[in-house]
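Hello,

Here is the structure I promised to pass on to you. Please open it alongside this email, and then read on for what turned up in it.

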Amino acid sequence: MTAVTAPEKYRTFYLGKGKVVHAAQDSDTVTLCKKPLTTVKLAHTPYVSCTQCAKVALAMADAPSDDPKEDDMPAKNANPSDATNTDVDGLISDIHATVDQIKELVPGSEGVTGAADALKAEAEEKIRELPTNKRTALRKAVAEAHKAATTKPEPADEPAPAPASTAIVRQAENPLEIEGIPDLVKQSIKAFKDGVKYGLKLSEVGETVARTMLEMRLRMTHTASGLPDLMSIEKKTKNSAGLVYDGAREGMDPTDQKLKDAHDALQKATQNKMADILVGWLRDFDSSPNPDEALETARLYFPDAAASVEAAREAKESGAEVSDADLSLTEAIYAVYKDAGVELPRYGRTEIQRFNYRVKQLDTARAELDAARDALDEDGTPKDEKEKLTAKVKELEEKTKGITEELPAEWTEKATPEKTPKQRATEKVARAQKLTESVTKAVRRLEGAERQEVSTSLVSLGRTLITDATKDTSKLTDDEKADLKSQLESLVTVLAGEAAKL
């Protein structure tokens, strides 16, 4: 089956986690099939696989203009009897143009029947506006063209689809002298102005402009490495972004503060989205449902990375042990940039914000978990309260585990570590020591029978603490038991000395 190529100046995308390739312009907010461009991934292919997008793309082939206006189209409800000779000639010309569009359709290609049907219906609508004596021959021409387009051809070997067009990465001080940059700047300016004019969602417009700016960076060369200037290090790359922001402000009333604020907000949204778009695009080399197309794109922009992965694939096919990292196009691209002294971001700004927020949630959950465990250790807690605390501890343990598994290692290290049983016990001992010092001061203020009574209580408490703490030694090694015995014997000696003073 012959592939359907996206129209000129259109790019291809995957929507969300889908594997269907759609088409849209950078300034669009919906695809050709009218689906909203929200979460998208760039597809490394010029071919469209969405049936509806393909239909529209085919119908656009050889259209009279890229942006037909409704005012230029004949009135749908016009009375044929009222048509002037000029109107009739114009309609006939339009119908012949539609017939030519049908003839241009590739029989047997994906979506061709739907596209042919749509064009036939369009032609018939215009034919009905003509005088009766003008209709028959035109209907015959439309029918013949429709039949030829929708008749499945005999099976034949088809040539392999051509790869994506060669990437253009050139050196020039003025970004507008680099092929393709002027059109990309115009697209970005249009998207920017439309976003401000119609009050579109900042994040969505920012994402659209950021995608186009990534395309600009791919066409710029980082002088030191010879690689595309993905990090906008070169002055010319920075200037290309400036051309977009300055161009979007042309003609703006300098006294309109509200409009200025809208431009500033959208510029910030674009800058914020840039890292998200770049990181997502780099990851797509590994997650693309079409790995061969991803490899072809890598050959165009990052030949050393592509060669490295191809060598790893060949080694694996020959039976050698090859790591997943060696087979990863994404990692190979990161590696060639790192070797060139350029660090590409691993995470987008949105991800970093989410990770930072999750770290705060982890700290809060761990603090609540420590408090719940301490409360559970308290004596005299009613049974129903202990059951609630036990359930809460389990819930918090699962919550902290889930957050920890979600976060990259770099962020788990930023979080407050979960306290070990030893740390919790040590903290309690420290609190007991402070309390002991306070009690000792209070006892010293007492005299006579009052002091004797409180001192007796303290001795009893000490006896209980020591007895309970040393009761179960089954988990101690022989050396640990010997050390504990030595400490107890030393304590006995000290207590005997205190008793002798009485």
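The expected span here is 1.5 Å times one less than the number of residues. Helices (H or I, at least four residues) and strands (E, at least two) are DSSP runs, numbered from the N terminus. H6 is mostly covered, with 15 of its 18 residues buried; buried means under 20% relative accessible area, exposed over 50%, and partly exposed in between, using a 1.4 Å probe and protein chains only.

Before going further, a word on what you are looking at. This is a predicted model, in which local features need pLDDT of at least 70 and side-chain atom pairs count only at pLDDT 80 or more, while totals for chains, interfaces and linings use all residues. Residues are numbered from 1 along each chain as its sequence is written, and side-chain values use heavy atoms, with hydrogens and water left out.

Now the overall picture. The protein's secondary structure comes to 18 helices and 5 strands. Of its 502 residues, 33% count as buried. Among contacts (heavy atoms within 4.5 Å) with a separation of 6 or more, 68% are between residues 24 or more positions apart.

Back to H6 and its partner. Two packed helices are described by the angle between their axes and the distance between the axes. The axes of H6 (residues 202-219) and H8 come within 7 Å and cross at roughly 60°. Axes are lines fitted to C-alpha atoms, for helices over the stretch in contact, and the angles run from 0 to 180 degrees between N-to-C directions. H6 and H8 are therefore oblique to each other; angles under 35 degrees count as roughly parallel, over 145 as roughly antiparallel, 65 to 115 as roughly perpendicular and the rest as oblique. H6 passes H8 in a right-handed crossing. A crossing is left-handed if the near helix is turned anticlockwise from the far one by less than a right angle, and right-handed if clockwise. Residues making this contact include Leu202, Val205, Val209 and Leu214 of H6, and Ala265, Met274, Ile277 and Trp281 of H8. By class, the contact of H6 with H8 has 14 nonpolar, 3 polar and 4 charged residues. For these classes, Ala, Val, Leu, Ile, Met, Phe, Trp, Tyr, Cys and Pro count as nonpolar, Asp, Glu, Lys and Arg as charged, and the others, Gly among them, as polar.

Two other helix pairs are worth a look. Helix H10 (residues 303-317) and helix H12 (residues 329-339) pack at an angle of about 135°, with their axes 8 Å apart. That makes H10 oblique to H12, and H10 passes H12 in a right-handed crossing. Asp304, Ala305, Ala306 and Val309 of H10 meet Leu329, Ala332, Ile333 and Val336 of H12. These residues divide into 7 nonpolar, no polar and 1 charged.

Further along, the axes of helix H16 (residues 421-444) and helix H17 (residues 448-469) come within 10 Å and cross at roughly 155°. That makes H16 roughly antiparallel to H17, and the crossing of H16 past H17 is left-handed. Val439, Val443 and Arg444 in H16 touch Arg451, Val454, Ser455 and Leu458 in H17, giving 4 nonpolar, 1 polar and 2 charged residues.

Helix H13 (residues 349-377) has 29 residues that should span 42 Å at 1.5 Å a residue, and this agrees with end C-alpha atoms 42 Å apart. Its buried residues include Phe355, Leu362 and Leu369. The buried residues of H13 pack against H8 (257-287), H14 (383-406), H15 (409-412) and H16.

Ser188 is found in helix H5 (residues 181-198), and is buried, with a relative accessible area of 0%. Leaving out residues up to four places away in sequence, Ser188 touches Val209, Thr212, Met216 and Val244.

Leu484, in helix H18 (residues 478-501), is partly exposed, with a relative accessible area of 23%. Beyond its neighbours within four places in sequence, Leu484 is in contact with Thr470, Thr473 and Leu476.

Most residues other than glycine have a negative phi. Ser232 has a positive phi of about 50° although it is not a glycine. Ser232 sits in the loop between H6 and helix H7 (235-249) and counts as buried at 13% relative accessibility.

Best wishes
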